[in-house]
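Me: Can you walk me through this one? I have the sequence and the structure open.
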Amino acid sequence: MTDLTLPSPGPDRTAALRAASSAQDAATRADLEALVRIPSVSARAFDAAHVSASAQATVELLRTAGMPSVEIVTAHAATPEGDLESNPAVIAHRPAPAGAPTVLLYAHHDVQPPGEEAAWSSPAFEPTERDGRLYGRGAADDKAGVMAHVHALRTLLPLWGPGDGVGVTVFLEGEEEIGSPTFGAFLAQHREALAADVIVVADSGNWRIGIPAITTTLRGLVDCDVTVDVLTHAVHSGVNGGPVLDALTSLARLLATLHDENGDVAVKGLLTTSAPDVDLTEEMFRSDAGVLAQVHLAGTGTIAQRLWTKPAIAVIGLDATPVDRASNTLVPSARAKISMRIAPGQDPSAAMTALRRHLLANAPFGARVTVADGEEGQAFSADTTSTAHDVARAAFAEAYGAPTVEMGMGGSIPFVADLAAVYPGAAILVTGVEDPDSRAHGADESLHLVDFTHACLGEVLLLDGLSAAT
């Protein structure tokens with residue numbers, strides 16, 4: 001087909017694109033299921049061959065979609081442990097017609113570990129439909145993002161003539177779920193190949209089922225390990241208990257200082273910024289997060305502010321004697337991993353300094369406190385005044401039949417800030433296919449199938465709309 005099959009921009013063109021997109025839905029669903037069956041866990045303890053297999057599978061999908069140039073690429077980054085080679089990523093490219101912008105489509109083909117098999121209602125890597133949702137690891141995060149890009153290209157490339165549409169670069173990363181450790185090196189080594197006027201990051205979510213969203217703010221991240229030592233060795237808890245608190249109790253007292261009586265973060269020197277004006281109620285949050293009825297919500301301010309633009313601290317790991325192996329001794333040493341989300345605009349290094357200062361200053365009863373710095377990730381705040389954002393809001397509203405919400409996200413996608421730094425002139429759109437019940441990273445991760453068709457259509461209309469907007 002040629003561009004002559006598409007009417008000029010307007011209702012007739014939208015209807016034609018809607019029909020063309022719908023014709024691809026079955027193939028898109030089948031190919032998504034095939035990708036989910038590949039256990040492409042990027043964590044180092046898992047078989048890397050599966051990540052290579054998923055990269056190769058996406059290469060074939062992009063080639064058959066009509067992308068003229070597709071290749072598997074890697075990057076190398078220098079680390080204290082030596083040269084680190086990235087997991088395989090995929091870059092595909094369609095040159096921009098004269099005067100048209102180039103759009104970079106990002107997603108990742110690696111996934112989280114499945115966790116405990118018994119926690120899943122069906123096997124993690126066997127896609128299973130129940131009640132209009134597709135269950136499986138990666139079904140939402142982020143193989144659905146991969147397939148939204150493939151779907152849009154399958155729909156549009158046969159309709160656009162060689163001089164029509166936009167330039168398209170697809171970048172499918174293979175190590176997002178382990179923190180994108182070589183992303184900076186990737187940008188440095190493939191900067192020219194990834195350059196674009198508009199960047200679409202399909203790795204977030206929507207407001208509710210049936211209501212699309214563009215994510216406009218992301219919190220940053222710092223984490224650390226804190227160790228508390230009180231004894232040179234374990235001693236009898238009866239003979240010696242009383243004058244000295246064991247390390248686990250001391251660590252618990254230290255961790256308790258991280259929040260005030262309202263549950264707000266008590267670390268001094270951290271920023272709070274304003275949140276998007278959205279109707280996010282306590283009832284909605286409780287339902288989405290599965291908060292027990294008797295639990296009071298922590299912190300002050302609106303729910304949106306607490307989730308998106310205020311710092312948050314969680315203890316995500318603890319090293320101590322397991323209960324089943326405990327003896328009547330005072331534990332000499334205990335360690336915890338602390339994860340802190342930081343507001344847009346907060347410098348991660350300054351936040352880490354503030355957290356370390358707080359931990360060292362609040363050592364209980366003079367316990368020896370040691371802080372080992374961990375990961376840092378930049379927050380992000382989008383400029384939503386661009387033409388690309390206008391086109392995206394209209395495209396997704398048309399696809400879903402509901403106004404597009406601009407929302408924040410409490411999680412962190414640090415490479416988005418890297419993209420903004422390397423390509424400061426690009427408009428960055430953070431989109432996605434997830435909804436509040438997708439349970440990404442958890443057992444029974446799932447994708448709402450009707451919303452997925454809407455998301456795919458939305459990207460079709462977005463890309464075609466960007467071509468018409470130039």
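**Helices, strands and sheets**

Reply: Helix α3 passes helix α4 in a left-handed crossing. Left-handed here says that the near helix is turned anticlockwise from the far one by less than a right angle; clockwise would be right-handed. Helices (H or I, at least four residues) and strands (E, at least two) are DSSP runs, numbered from the N terminus.

Me: Before we go on, what kind of model is this?
Reply: The model is predicted: local features need pLDDT of at least 70, side-chain atom pairs count only at pLDDT 80 or more, and totals for chains, interfaces and linings use all residues. Residues are numbered from 1 along each chain as its sequence is written, and side-chain values use heavy atoms, with hydrogens and water left out.

Me: Back to α3 and α4. At what angle do they pack, and how far apart are the axes?
Reply: α3 (residues 48-65) and α4 (residues 143-156) pack at about 20 degrees, with axes 9 Å apart. That makes α3 roughly parallel to α4. Axes are lines fitted to C-alpha atoms, for helices over the stretch in contact, and angles run from 0 to 180 degrees between N-to-C directions. Under 35 degrees counts as roughly parallel, over 145 as roughly antiparallel, 65 to 115 as roughly perpendicular and the rest as oblique.

Me: Which residues meet there?
Reply: From α3, Thr-58, Leu-61, Leu-62 and Ala-65 meet Val-146, Met-147, Val-150, Leu-153 and Arg-154 of α4. The residues of this contact (heavy atoms within 4.5 Å) divide into seven nonpolar, one polar and one charged. Ala, Val, Leu, Ile, Met, Phe, Trp, Tyr, Cys and Pro count as nonpolar, Asp, Glu, Lys and Arg as charged, and the others, Gly among them, as polar.

Me: New topic. Is strand β10 buried or exposed?
Reply: Six of the six residues of β10 (residues 213-218) are buried, so the strand is largely enclosed by the rest of the structure. Buried means under 20% relative accessible area, exposed over 50%, partly exposed in between (1.4 Å probe, protein chains only).

Me: What does β10 pair with?
Reply: β10 pairs with strand β18 (residues 405-409) in the parallel sense over five bridges. There, Ala-213 has Val-405 as its bridge partner. Two bridges also join β10 to strand β17 (residues 380-381), and these run antiparallel. Thr-217 is bridged to Ser-381 in β17. Two strands pair if DSSP finds at least two bridges between them.

Me: What is the order of the four-strand sheet?
Reply: The order is β13-β15-β11-β16, an open sheet with antiparallel pairing. β13 (312-319) and β16 (368-377) are the edge strands, each pairing on one side only. Neighbouring strands are turned by 20 degrees against each other on average, direction ignored.

Me: How many bridges hold β11 to β16?
Reply: Eight bridges, antiparallel, with β11 covering residues 220-229. Cys-224 has Asp-373 in β16 as its bridge partner. Helix α8 (residues 247-256) packs on this sheet, touching β11, β13, β15 (333-342) and β16, and its direction makes about 15 degrees with that of β15.

Me: And the three-strand sheet?
Reply: That open sheet runs β6-β7-β20 with antiparallel pairing. Its edge strands are β6 (128-130) and β20 (446-448), each pairing on one side only. The twist averages 25 degrees from one strand to the next. Helix α14 (residues 449-468) packs on the sheet, touching β6, β7 and β20, and its direction makes about 70 degrees with that of β20.
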